[in-house]
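Trainee: I'm new to this one. Could you walk me through how its chains meet?

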Protein chains: 4
Amino acid sequence: MKFQVNSEIQYQVLQPSTFILDIHALRTSTQTILEESLVVDPYLRVEEFSSAQNANRFIRLEVVEPMNFKITYKATVDTLTRVIDQKQEKGVVPVVQLDGDIIPYLFPSRYCQSDKLQRLANNKFGKVENTFAKVVAITDWIYENVEYLSGSTDSQTSAYDTVTERAGVCRDFAHLGIALCRALSIPARYFTAYAYNLNPPDFHACFEAYIGGHWIIFDATKLAPLNGLVKIANGRDAADAAVASIFGNVVCQSMQVSSEVLEENFEPFFYDSKELKALSYE
Amino acid sequence: MKFQVNSEIQYQVLQPSTFILDIHALRTSTQTILEESLVVDPYLRVEEFSSAQNANRFIRLEVVEPMNFKITYKATVDTLTRVIDQKQEKGVVPVVQLDGDIIPYLFPSRYCQSDKLQRLANNKFGKVENTFAKVVAITDWIYENVEYLSGSTDSQTSAYDTVTERAGVCRDFAHLGIALCRALSIPARYFTAYAYNLNPPDFHACFEAYIGGHWIIFDATKLAPLNGLVKIANGRDAADAAVASIFGNVVCQSMQVSSEVLEENFEPFFYDSKELKALSYE
Amino acid sequence: MKFQVNSEIQYQVLQPSTFILDIHALRTSTQTILEESLVVDPYLRVEEFSSAQNANRFIRLEVVEPMNFKITYKATVDTLTRVIDQKQEKGVVPVVQLDGDIIPYLFPSRYCQSDKLQRLANNKFGKVENTFAKVVAITDWIYENVEYLSGSTDSQTSAYDTVTERAGVCRDFAHLGIALCRALSIPARYFTAYAYNLNPPDFHACFEAYIGGHWIIFDATKLAPLNGLVKIANGRDAADAAVASIFGNVVCQSMQVSSEVLEENFEPFFYDSKELKALSYE
Amino acid sequence: MKFQVNSEIQYQVLQPSTFILDIHALRTSTQTILEESLVVDPYLRVEEFSSAQNANRFIRLEVVEPMNFKITYKATVDTLTRVIDQKQEKGVVPVVQLDGDIIPYLFPSRYCQSDKLQRLANNKFGKVENTFAKVVAITDWIYENVEYLSGSTDSQTSAYDTVTERAGVCRDFAHLGIALCRALSIPARYFTAYAYNLNPPDFHACFEAYIGGHWIIFDATKLAPLNGLVKIANGRDAADAAVASIFGNVVCQSMQVSSEVLEENFEPFFYDSKELKALSYE
């Protein structure tokens with residue numbers, strides 16, 4: 001499915017500052033970038049680099065004196081998803097069979113303190129046998145118990161806070177989902193995305209759980225179709241995949257994000273708890 | 001410098017369990033393993049795997065029924081350290097010049113919530129100009145303000161706790177040092193080690209800060225000579241480099257760790273705040 | 001109902017220390033002390049004092065040099081309870097009608113951070129109309145979701161921890177019940193007690209919620225009959241009603257607590273969710 | 001010294017709500033209210049009540065339908081302070097000699113988790129012998145290490161947060177001071193006040209420590225003269241002495257607070273660390 005994604009961010013730089021931004025669509029075997037452009041106005045030198053672990057496409061800018069600038073990213077991206085039937089899938093991949101690269105996603109991270117949620121996760125979801133159904137139950141529980149409330153949380157908010165305070169935004173929903181999965185020994189990772197039909201438009205954050213040998217996509221906010229995502233970055237949590245990490249004194253003045261589908265036959269896909277049909281971007 | 005390191009751990013397995021252990025000495029350009037052996041008694045199949053990011057040498061065992069077992073690791077390791085004069089070193093490597101692989105060590109992690117310690121770190125250490133001296137000041141402050149107290153903390157304790165509660169073990173000292181470095185935009189990473197002359201003998205945990213293009217070693221506990229370490233594992237924090245991650249129901253019955261120097265001319269090296277001489281294992 | 005209650009505590013005092021103990025049965029209009037004795041062996045001067053707010057009967061001892069001592073309290077106590085039908089009780093007493101002395105029990109306290117649990121409490125219990133049934137639902141939820149696990153918590157553990165970690169002892173169960181009540185604007189207070197048929201025997205902690213003008217008793221642990229309690233102390237939480245507050249360096253060597261019923265017709269009373277019959281010690 | 005104090009608060013009530021406000025000047029043996037008035041516009045019935053423990057003068061209003069209202073309090077108050085020389089004062093009042101009514105101020109409370117700060121308090125301030133000088137050292141340390149930053153904290157922020165995050169407002173400065181005192185077995189209580197020369201004008205929060213048998217006043221913000229305070233309410237912390245506790249859905253639209261001195265010879269009093277002269281409002 002082809003999407004046209006755009007983001008435009010304006011910054012007011014008050015003191016010399018360094019920016020690490022992660023707004024480029026990811027290149028993967030199932031996500032092809034047909035065309036893309038990045039414009040910084042006024043012109044500033046931009047350096048692109050990748051993380052070894054996740055292939056995220058970071059850019060780095062240095063601003064040496066106070067100024068305003070605008071950064072605009074546009075891309076046409078073709079994504080491929082597949083539906084994987086989970087009826088045969090009896091349980092989680094045993095830790096003993098997990099690939100070494102998957103194992104880090106079992107461990108707690110800054111915003112996903114799975115070590116503190118073991119008892120809760122086991123009590124609530126331990127009895128669901130099918131692993132996919134178990135993670136769907138986790139997202140349903142988050143959806144029902146956590147209120148989506150803009151401005152209720154900040155960059156320090158973690159799953160440990162959200163599980164009690166019961167309010168947050170997409171990032172918090174994803175962190176809580178990940179923490180609960182890992183607490184049940186299901187590897188889980190965070191990702192950011194351009195999301196089609198997200199309202200209000202913004203960068204989106206979701207998560208993937210590793211089930212039956214595939215990374216399966218989940219979105220506890222249920223705000224956007226699961227097959228309408230263009231991935232930006234993978235990571236253990238938002239510490240690995242922040243849209244912007246800024247070292248300096250900067251005000252973000254505006255941020256506009258959009259995603260449009262370029263084909264006509266787009267059928268929004270959401271999970272139906274009765275059918276065990278999982279979606280993967282692999 | 002050559003060391004003979006040993007560890008012997010006995011477990012009582014109560015239910016089928018999977019172990020991920022990280023007790024092998026790391027192989028690096030400056031750490032050569034001359035000889036090593038791993039024995040599990042009674043025999044259990046052991047699989048070795050590495051993490052892509054850190055080259056840590058994990059092993060994995062599956063125990064399918066209740067039993068007791070003992071795992072014994074022995075190695076002869078040759079390490080190379082070098083002393084780097086820091087007098088010329090005026091400041092931290094600017095973020096804009098950091099290698100992409102180093103950048104993740106700037107971000108907060110499970111046990112090192114650097115995002116919460118920015119103000120404290122800046123107030124206390126912001127004025128020290130020389131970066132090496134700044135990190136030495138951090139370790140001195142930890143050493144003076146945090147009591148080394150066995151049993152005072154557990155696997156959930158993080159830098160955020162230790163900065164207030166002021167007690168902990170080597171792992172907590174390292175986490176707090178790392179968090180304070182990252183809060184000052186100095187990349188920092190955690191490592192575990194076999195430590196010569198550590199008393200009482202145990203696995204040790206220290207940290208490295210990235211200064212002037214090198215990973216420089218620090219130990220806020222000051223319990224062992226800086227040049228007497230055999231590295232086991234690197235990571236962002238203990239979540240990446242745990243000695244043992246156990247999925248199941250297991251009692252650790254005993255743990256014995258030792259490290260002996262095999263050469264005669266070992267001169268213990270500690271930092272002297274007057275001399276800006278840093279030690280690196282690179 | 002008449003009870004014979006006893007407690008015997010042995011301390012090893014390592015340095016000059018001051019003890020504030022609260023082990024005496026409370027004197028109230030419905031709890032009469034028929035006989036009581038306090039023996040400290042070897043003899044130490046004991047001063048009794050009361051708190052203005054709660055009438056708790058504290059004792060204070062000063063030990064000026066290292067020594068061992070044993071304190072033994074025995075009392076015969078007659079308690080009066082009454083069952084209050086809650087069918088007519090439609091809702092909580094409006095804040096505007098609460099007596100000034102009750103209002104402090106609406107506010108958060110050290111171990112009962114009701115301000116952080118508002119959303120959770122409203123989501124889970126907001127729809128239960130009858131106030132008594134609402135608090136029974138709270139205790140049932142705690143009973144089902146929190147594991148009673150000796151040694152899992154310590155004197156710093158609060159309701160905010162327990163709501164996530166899901167394990168604790170009677171004190172933690174009470175704190176969580178109180179915090180959830182207050183989050184719903186139901187006044188709630190903590191109390192300690194000698195409990196008949198508590199197994200293993202120990203000091204017990206429960207709570208009362210202010211419903212329809214009466215303090216109604218609740219015990220989320222369900223470990224002892226509600227009509228078998230001899231009250232020791234009331235308070236906002238354990239900070240007001242600790243069994244022992246020790247200023248100094250002391251080891252508690254043993255603690256033995258017992259309660260026996262002195263009449264023959266004792267019928268254990270527990271709540272039955274179908275019948276809206278509440279128990280009060282007023 | 002005579003002061004004219006005023007406060008005017010405007011609320012927009014969105015749903016039926018109950019207000020508990022605490023804006024009246026306290027009546028004590030050293031604080032006389034010469035004249036006072038309370039006007040609610042439009043007229044609403046106001047009920048005054050006191051807490052048994054602290055004699056705080058609460059008022060309670062019920063608003064049964066959406067409306068806007070303004071509450072205006074004015075008072076002329078005469079306060080008496082005295083300076084107490086602390087040179088003779090060698091130490092804290094031993095717990096064994098404290099009056100029963102003072103003891104609750106030794107224990108941790110919602111926003112003053114003194115139990116978590118013992119080690120830090122002892123390390124930093126344990127060696128100062130004179131108790132008054134010790135608390136002055138605490139306030140100096142807070143003043144130097146915590147940034148006064150409007151809007152940096154909220155009603156859930158506690159001393160445990162502030163000790164690490166190092167930013168806050170008067171309420172947070174007071175909570176941290178109290179927590180550190182209690183951690184050192186010095187009774188300490190919170191109070192709110194109208195403060196002369198506070199800039200910007202607002203309700204103020206300070207604390208008192210119990211030294212040598214008197215409640216001595218402290219203000220870690222150093223924003224207003226210590227002898228220019230008109231007390232509103234005492235309490236263990238802000239949970240006891242909130243300016244406004246609102247049960248309902250209300251927006252505070254404006255708040256204006258002022259205090260003027262009515263005599264000519266006002267000489268601002270601040271502590272001088274060289275002179276051991278303490279100020280008490282008793």
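Mentor: Let's start with a term: a salt bridge is a side-chain nitrogen of Lys or Arg within 4 Å of a carboxyl oxygen of Asp or Glu. This is a predicted model, where local features need pLDDT of at least 70 and side-chain atom pairs count only at pLDDT 80 or more, while totals for chains, interfaces and linings use all residues. Residues are numbered from 1 along each chain as its sequence is written, chains are lettered from A and ligands numbered from 1 in the order in which they are written, and side-chain values use heavy atoms, leaving out hydrogens and water.

Trainee: Which residue of chain C meets the side chain of A:Arg119 in a salt bridge?

Mentor: The rule finds two salt bridges across the interface of chain A and chain C. In one of them, N to O is 2.3 Å, and the partner of A:Arg119 is C:Glu147.

Trainee: How much area do chain A and chain C bury between them?

Mentor: Buried area is the accessible area (1.4 Å probe) that two parts lose on being put together, summed over both. Of the area here, 42% is on carbon and sulfur atoms. A:Arg119, A:Thr164 and A:Arg166 supply 41% of what chain A buries against chain C. The total for the pair is about 1,500 Å².

Trainee: And how much do chain B and chain A bury between them?

Mentor: Contact (heavy atoms within 4.5 Å) takes 33 residues from chain B and 33 residues from chain A. Carbon and sulfur atoms hold 56% of the buried area, and the total is about 2,900 Å².
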